[in-house]
Amino acid sequence: MFDKSQVIPIGSDHGAYKLKAFLVDRLTGMGYRLKDFGTHSEASVDYPDFIHPVAKAVNDGTYPIGIIMCGSGQGASMTANKYPNVRAGLCWNLEQATLTRQHNNANIISLPGRFVDFELALEMVVAFLNTEFEGDRHIQRINKIPIIHE
């Protein structure tokens, strides 16, 4: 169970602004504490400008877990995964949100703001936050992610 006294960073571009605003409202209402890194409108912006601060903060250990999104979720995920201590998982359904934590120990969930129902997105985030990493056989796999084999 996620410790609600911890702060969760969240960031999006314009393509996911409405979803981010919805999640901030609903998650705050559920007792979660959020640090909103923007964007703060539907005006066109570049997603890396809002994803990098979230990913860097998780990478550096300032926050244990984060939420990012853009129109497709892909650009946000690609940007966040440039950081060595970040494992961002792009999720489209509840099972993915759960498994990306259980099996991949993801510490950032990436959402496609233009392609998922807002209520489903909320369910995915809550599941992501409250699912524990299973460890065990998955640890050796997680440890191989940053290693390049030639």
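Which residues touch the most other members of the largest nonpolar core? They're Leu 23, Ile 67, Ile 109 and Leu 111, in a core of 24 residues. Before I go on: this is a predicted model, where local features need pLDDT of at least 70, side-chain atom pairs count only at pLDDT 80 or more, and totals for chains, interfaces and linings use all residues. Residues are numbered from 1 along each chain as its sequence is written, and side-chain values use heavy atoms, with hydrogens and water left out.

So, a nonpolar core here is a set of buried Ala, Val, Leu, Ile, Met, Phe, Trp, Tyr and Cys residues joined through side-chain atoms within 4.5 Å. Buried means under 20% relative accessible area, with a 1.4 Å probe and protein chains only.

Who supplies this core? At least two residues each come from β1 (7–12), α1 (17–29), β3 (66–70), β5 (108–112) and α5 (118–129). The helices (H or I, at least four residues) and strands (E, at least two) are DSSP runs, numbered from the N terminus. The most comes from α5, with six residues.

Now look at Ile 67. Skipping neighbours within four places in sequence, its contacts (heavy atoms within 4.5 Å) include Ile 8, Leu 27, Val 54, Ile 109 and Val 125.

How values were computed. Buried means under 20% relative accessible area, exposed over 50%, partly exposed in between (1.4 Å probe, protein chains only).
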